[in-house]
2 protein chains.
Amino acid sequence: MISRDKHDRMANAIRFLSMDAVEQAKSGHPGLPMGAADIATVLYTRFMTHDPKKPDWADRDRFVLSAGHGSMLLYSLLYLLGYEDITIDEIKNFRQLGSRTAGHPEYGYAAGIETTTGPLGQGLANSVGMALAERLLNARYGDELVNHYTYVLAGDGCLMEGISQEAIALAGHLKLNKLIVMWDDNQISIDGPVSLSDSTDQCARFAASGWNTIRADGHDPDAIASAIEAARESDLPTLIAFRTTIGYGSPNKAGTNKVHGSPLGAEEIAAVRKELGWEAEPFVVPSDILDDWRLAGLRSAKERKEWEKRLAAVSAEVRAEFERRMRGDLPESFAGAIDDYKKKLGEENPKLATRAASENALEVINDALSETIGGSADLTGSNNTRTSQLGAVKPGEFSGRYIHYGIREHGMAAAMNGMALHGGVIPYGGTFLTFSDYARPAMRLASLMGIRSIFVMTHDSIGLGEDGPTHQPVEHLAALRAIPNHLVFRPADPVETAECWQVALETKDAPSTLALTRQKLEPVRNDYKSENLCARGAYELLAASDEAKVTIFASGSEVEIAVDARNQLEGRGVPTRVVSVPCFELFEAQSDEYKDMLLGKNTVRIAIEAGISMGWERFIGEDGVFIGMKGFGASAPAPELYEHFGITAEAAVQAAEARLNKAD
Amino acid sequence: MISRDKHDRMANAIRFLSMDAVEQAKSGHPGLPMGAADIATVLYTRFMTHDPKKPDWADRDRFVLSAGHGSMLLYSLLYLLGYEDITIDEIKNFRQLGSRTAGHPEYGYAAGIETTTGPLGQGLANSVGMALAERLLNARYGDELVNHYTYVLAGDGCLMEGISQEAIALAGHLKLNKLIVMWDDNQISIDGPVSLSDSTDQCARFAASGWNTIRADGHDPDAIASAIEAARESDLPTLIAFRTTIGYGSPNKAGTNKVHGSPLGAEEIAAVRKELGWEAEPFVVPSDILDDWRLAGLRSAKERKEWEKRLAAVSAEVRAEFERRMRGDLPESFAGAIDDYKKKLGEENPKLATRAASENALEVINDALSETIGGSADLTGSNNTRTSQLGAVKPGEFSGRYIHYGIREHGMAAAMNGMALHGGVIPYGGTFLTFSDYARPAMRLASLMGIRSIFVMTHDSIGLGEDGPTHQPVEHLAALRAIPNHLVFRPADPVETAECWQVALETKDAPSTLALTRQKLEPVRNDYKSENLCARGAYELLAASDEAKVTIFASGSEVEIAVDARNQLEGRGVPTRVVSVPCFELFEAQSDEYKDMLLGKNTVRIAIEAGISMGWERFIGEDGVFIGMKGFGASAPAPELYEHFGITAEAAVQAAEARLNKAD
């Protein structure tokens, strides 16, 4: 047991490291680390199961700092506990170029940072995915191998963001009892008191969604410990409302918004030193306190070793699968399974919507991979995301592999990110492409973190028909392609769909979006090729019969239109190539030679996509022809819409001939 | 009082029109109109204050069908009540090209459609803005002119979406007591029973955010009426949980997800006819029932006339302002006020961040316009959105003009849309540009509807510095420019900021986003010009000293870099122009001659923007030089980041010279 005095000094070490780092950086957020230092100290000295010497231990407890602006709390902890990545020099270099201690915690910058946070509410929603992944793996591998907690520190902002409701409703529904959210209830937001903008009784709100709730003094170590203890025993997820004082210890700024997001200043820091009886120089933690922290860092080493023994004791087969899944590698048999499937498609390539082709591909994938976890934001029958292998996950019952996420696109995407971050599972989830807008902040974070969340976005154009402009994506392909490190696939038929799925699954360091049609399409890849052509991002689907005069680029549902136009042009004696473009980002990664070859700059260049032109200039240049959308869609049967908006083979043929005549 | 029998027959008229229209369209959603017909009938026969002959009556009650997929409920009502825009032919043409009866209700397609709905939760959040606008106008004009209810019909999806939490927390906090949300509690979602994905006690949840809540049988007319009556008397916003049966009346499909989103089929419709004793042919409403409905449509005509008398009785000045504001016109003095301000800037054009320049412009604007309503999602001091005129709106107290929206970007944007739709106010609201992702679904709807919501998005690039990649927009300018009918402004200095604000405010039929810097910038427009140059979208800021060899395009904070590069190049004898590009969309609307002149295709073309290149190909062509971002940002002081990512005048000079040498 740690004495109150020792607790205070350990907590103050967090406070002073945080204050000093923010002061030195001349920017940052001291208020949260100072206010939440007591909670963090109790959590890490009495409860957290983790090992700084083995930060990737699969069964460690996860700690998510959802209020990411308080990053110095996390960096201080990692330094004090002995995580090698965070040295005192890193603390001193807080917010400087190339440091591991970025303004907000960035996943991948240092071990111990479980997720990137800063955009509020995301960490909370990630944690739901982590806690869900833990239960899913527990259902498969048992308590011996997977049985840990997920702790979250959330601020008022996290709880005000709408995503929080999606996350807590899902967690409450599924009874994720090993999820413990600690709310830093400091009653202060940036504009001033929270009462300026909110009157919500958060405990009542969480209770309404099936949570256990506890209120406790966030500065009383025993009260903090009792609350966490009770939370661990609950059969429901728990919210602990820890009443705290933001900037605790600052005589003139504590409890106000002045301490939230800017350095305290030398004078006030001196005052805090006096107030808290801290005599060490900036960035110096007295050696006895540092020793106490380092000891705390060792507290789970034995547990970790015991876990390793248990892992060593399970069957070789189970161990191999568990370790492979936690590494994120696919089984060696996977590529062969896809290849076999492609062979089969080569024989019978059916006329299908790509969403149906995706379902067929998933039947193969979900057989080959035990780690895929499917789901949809209440559009299962439309997104075609559920296959025969996937039983539904139910409240408190996690043997299934399919999540009914509810009408919660944002919460789904962020939970998927949490699952991908946890490891051992590969999450995919569906909604309509137009509602990628709802999920976008989480999709961006998946890209920034470089994690394998796979978004299945069906109804990907005006081709969805009668639901009209609210449901018809027009700018969404461009907007998603704009996100760095995000693979946006738009396959044209069953073979391309299988190939895109393969690349998405084999890419460990980036998320993918598959944009899929509602409407049926003519297959365009009828002869079996072992090579994954989609992996090049763009490829020549049909060569010209002679030296090409026209190149038609297209993606997805418009490839069949490009093929039709090409055949018409060839019929009129105009040698024409068709280039299928399933993924812009992969194309950019090809060699200059390949790209030049493909672009065919000496031909008339036409691109066809039932979306806006933005981005297609890359393929057709300034003087190319774009056939697509200029504004929002309309409500009508799909074939009429294609006619109405002029996205037809005839339009492409006319445009090509007009250009060729002009050039003559 | 309407007899039960008459009520049933009136409600059945909605049911059969809806079933028949969906059947004829071969797609659509009959379940909600059938289930909510009783609620709608009671609302429109006993409570709604509106006049089909004067649909734009300013003080009418607003009805928002947040569950927009149930559009046939609304179209049936509008037809039955006698709104001229919705004829029986329009009902028959449900979901057909060019009809007013699109798959989801589209604002502007027909009078009586108060907002575009379909993306779930949006209507509910719009309604918060409508109810807020009502109270704000009431505070200014009194009960005599503005005193009406806002009714919402919301489904399970609306309540599951995270935006609903932001909306209800804001409404509860502000005590918007004239807001009444009727929840169609049918316990069915698309995947099946709501219990597949949710266990939330919605009444408890709303109560936790300060709402009055009532439960009632949604098929008992008197219970419905009592509930609405009680809601109207509450001093809190009210949720009425109406327990209903989806697809009420369908013997084989009612109460299941089978009736949600597809036609019932001829056989089942015949069964419903039998079940409900309805003998009329498809699309025929027996004349006595139609008469009853048309009578219901007349119930507020007298009230409307009395209101017009009251309006006629107020002072000419007040009436003129009220009418002008409701029309959405600006006062004639506005342009002059901006011009005077520009003159003043021409003298002293200070070195400011554009967010500070925006605050200065708003001081002028908020003086000139009584209708602007400012706000921020808890970043008031960072977004610089509050000016001296704007007192804060408080719970139950609406004399202010500034909204503390809380950490609720999505709810803010959707509430702003509701305010713009209500009319009489012009809402603007701020957050960081990177968090436009959170607000994006509502920003898209503003564009689709063509309404004047103005989004103030500060911290618009890596120039924000240390907060790092989560907070640094990289793809956001491109992603917002991708949305049709959305003016994205990125002004370079105080003069451009004032000009962009002017265009945003003068554009009644499109939303605007102003992307503004955190960091200070050198002014680039130091000589007064009366013409609003930004209104052209792009213009030549600096001519070349001789026939131009290089054109540098830039926006916002990179214009000063372009000017620097230009001066260096001119110093080396390379005649160079600078084109400032504050708004892509406005540039596209210019004449071909102007565009050709500006693009300078015979020069080496360079674009500089601290974002991704997507979209800039329009200016620099396939072979131009883009100086900007290729991936995510980093955490460091801003000047270091510009160096690190190579966004410098030197890089532009080097690139220009390399191209010129290559060309030689």
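**Group meeting: the contact between chain A and chain B**

Arg408(B) forms a salt bridge with Asp198(A), and their closest N and O atoms are 2.7 Å apart. A salt bridge here is a side-chain nitrogen of Lys or Arg within 4 Å of a carboxyl oxygen of Asp or Glu. Side chains of opposite charge can pair when their charged atoms come close.

Some ground rules before I go on. This is a predicted model, in which local features need pLDDT of at least 70 and side-chain atom pairs count only at pLDDT 80 or more, while totals for chains, interfaces and linings use all residues. Residues are numbered from 1 along each chain as its sequence is written, chains are lettered from A and ligands numbered from 1 in the order in which they are written, and side-chain values use heavy atoms, with hydrogens and water left out.

Back to that pair. Asp198(A) sits in the loop between strand S5 (192–193) and helix H8 (202–208) of chain A, and Arg408(B) in the loop between strand S10 (402–404) and helix H17 (409–422) of chain B. Helices (H or I, at least four residues) and strands (E, at least two) are DSSP runs, numbered from the N terminus. Both Asp198(A) and Arg408(B) are buried. Buried means under 20% relative accessible area, exposed over 50%, and partly exposed in between (1.4 Å probe, protein chains only).

Now the interface as a whole. How many residues does the contact take from each chain? It takes 100 residues from chain B and 100 residues from chain A, contact meaning heavy atoms within 4.5 Å. The area buried between the two chains is about 7800 Å², with carbon and sulfur atoms giving 56% of that. Buried area is the accessible area (1.4 Å probe) that two parts lose on being put together, summed over both.

Across the interface of chain B and chain A there are 13 salt bridges, and the count over all chains is 79. Between chain B and chain A, 49 residue pairs are in polar contact, both residues being at pLDDT 80 or more. A polar contact is a pair of N or O atoms within 3.5 Å; within protein, one must be able to donate a hydrogen and the other to accept it, and residues adjacent in sequence count only if both atoms are side-chain atoms. On the side of chain B that touches chain A, the largest share, 8 residues, comes from helix H18 (residues 436–449) of chain B. That side divides into 37 nonpolar, 36 polar and 27 charged residues.

Asp437(A) is buried at a relative accessible area of 2%, and Arg440(B) is buried at 1%.

Next, the annotations. UniProt, in an unreviewed entry, places a "binding site" feature at Asp156(A), Asn186(A) and Ile188(A). UniProt positions are given in the numbering used here, feature names are shortened, and annotations may be inferred rather than shown by experiment.

Asp156(A) lies in helix H6 (residues 156–160) of chain A and is buried, at 9%. Its contacts beyond four places in sequence include Asn186(A), Ile188(A) and, from the other chain, Ile407(B). Asn186(A) is in the loop between strand S3 (179–185) and strand S4 (188–189) of chain A. Ile188(A) lies in strand S4 and is buried at 14%.

The unreviewed entry also has a "binding site" feature at His69(A), Gly118(A), Pro119(A), Leu120(A), Gly157(A), Asn186(A), His260(A) and Phe435(A). Those residues span 367 residues in sequence, and the farthest two C-alpha atoms are 34.2 Å apart, so they do not all gather at one spot. Among the residues Pro119(A) touches are Phe435(B), Tyr438(B), Thr470(B) and His471(B).

Notes. Ala, Val, Leu, Ile, Met, Phe, Trp, Tyr, Cys and Pro count as nonpolar, Asp, Glu, Lys and Arg as charged, and the others, Gly among them, as polar.
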